[in-house]
Amino acid sequence: MSAFWVILRKDLVVEGRARDLLPSMAILALLLLAMTGATGLRADAAPAILWITVAVAGSIGLVRSFHQETDQEQLHGLRLAAVDPAMIYLAKAAANFLIVAAVELIAWGAVMIFFDIPIPRRPAALAVVLLLGTGSLVAMGTLLGAMLATARMREALLPVLLLPLCAPAVMAAAGATARLLSEAGGPVAGELRLLLAFTLLFVSVALLVFEHVIED
Amino acid sequence: MGNAGPGQARPLLDIRAVSKSYGARSALRSVSLTVDAGRVLAILGPNGAGKSTLLRVAAGIARPESGEVRIGGRPVGEPAARRQVGFAGHQSFLYGYLSVEENLRFYAQLYGLPAARAGEGLERFGLQSHRRRPVRELSRGLVQRLSLARALLHDPAVLLLDEPFTGLDAEASRVVRELIPERRARGCAVAVATHAWAEARELADDAVVLVAGRPALREEAASLDGERVAAVYQTA
């Protein structure tokens, strides 16, 4: 089994037992959606609220995702085993993606209830928007999580850094989601290209710098 | 400890003029030393002398500002060299929510070893009865034993131990005391950082005393003298 799968599986097993990330992110997302839903905002605001909620809840979780690699310096154990830093990053990002995607599914269900929005008519296109939007958030969030893993103010710093960096991707994802939910519909190819470009850019930057980020 | 001359075998661990700082504080100042196959080097020194930093640089998990480390003749930055190193330090590198056995299996998989190696490690370090327990529930002594099992899982040629006796129970101390001569007999190069000169004299072949990031005394471990070591510490 490659290092990627070994680390990914370990991360999911640890999260399944520690329940460190998913419950706190899901509860925060539900609270934010319930509060905004209760204010009587119209359904066409729901996509923007959904994506802002996912970005905020995601940033809370992503900042903690590297804690399990630093509390006993486990990252050094991985490096001593000569695991390619790119594999470490990709495995951590994949685990984070699955966790944030799970939060997103919960949030999506909540949005449908609190904002009374219909079942999307173009589910495949919506799935691609969710995939790429989540991908861009997680790609940058995982890198920032590693950079801030040992920083004193990491809980405050990660959202402050992640949200502006990912703002264009969040806006593109929210715009595409709104169009896919609206009666009028419309093409979303432009937003999808932008999301794909952001995801690839963030992953590429992360792969270039990750080795230096995890050095002592 | 010695210097490899023409015609001699290369030392397994070769640290050349290594310097390392943390901010304005110099942790290591142009430290050079070697450890040959089948030799044990004790690294002594007061707190903050640079012992842990030296071992971390030797393991390749801390990068020096200058100088280089070679493992079996290869730069420690190369994956093939790094995989020859076993390191047990103050932190265990273990995952608290994984069981004892899962931790060893995890590292065995990363090293591309068969799962049976995890079982051998459990047996070697008397951890079989604890195999299903999460690491976060273990005592300090058991964690240290598991950390050593992890460090030796891949049968490394170079073993680096940072204060291996700190906080250990009698059983775990016995395991470490047996482990060091066993590794020496297998042709390993072993470097042990310790505060205690008596331990160094008992277990090591050679000793170096670090003071303020510099080797202040080098000699055979058998001739270590407590008063002299203490006098060298005073110069810190």
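Predicted model: local features only at pLDDT ≥ 70, side-chain atom pairs only at ≥ 80, totals over all residues.
Local features were taken at pLDDT of at least 70 and side-chain atom pairs only at pLDDT 80 or more, while totals for chains, interfaces and linings use all residues. Residues are numbered from 1 along each chain as its sequence is written, and chains are lettered from A in the order in which they are written.

Helices (H or I, at least four residues) and strands (E, at least two) are DSSP runs, numbered from the N terminus.

Two strands count as paired if DSSP finds at least two bridges between them. Strand 7 of chain B runs parallel to strand 6 (residues 85-88) of chain B, joined by 4 bridges, and is also parallel to strand 8 (residues 189-194) of chain B, over 5 bridges. Bridge partners include the following.

| Residue | Bridge partner |
|---|---|
| Val85(B) | Val158(B) |
| Leu161(B) | Val192(B) |
| Asp162(B) | Ala193(B) |

These strands belong to an open sheet of 6 strands in chain B, with order 6-7-8-3-9-10 and mixed pairing. Strand 6 and strand 10 (214-220) of chain B are at the edges with a single partner strand each, so one side of each has no neighbour in the sheet. Neighbouring strands of this sheet are turned by 15° against each other on average, direction ignored; axes are lines fitted to C-alpha atoms, for helices over the stretch in contact, and angles run from 0 to 180 degrees between N-to-C directions.

Helix 6 of chain B packs on this sheet and touches strand 3 (40-44), strand 7 and strand 8 of chain B, its direction making about 150° with that of strand 8 of chain B. Contact means C-beta atoms, placed from the backbone, within 7 Å. Helix 5 (residues 140-152) of chain B lies across strand 6 and strand 7 of chain B, at about 170° to strand 6 of chain B.

Val192(B) touches residues including Val40(B), Leu161(B), Ile180(B) and Leu203(B), not counting residues up to four places away in sequence.

Conventions
Contact = placed C-beta atoms within 7 Å.
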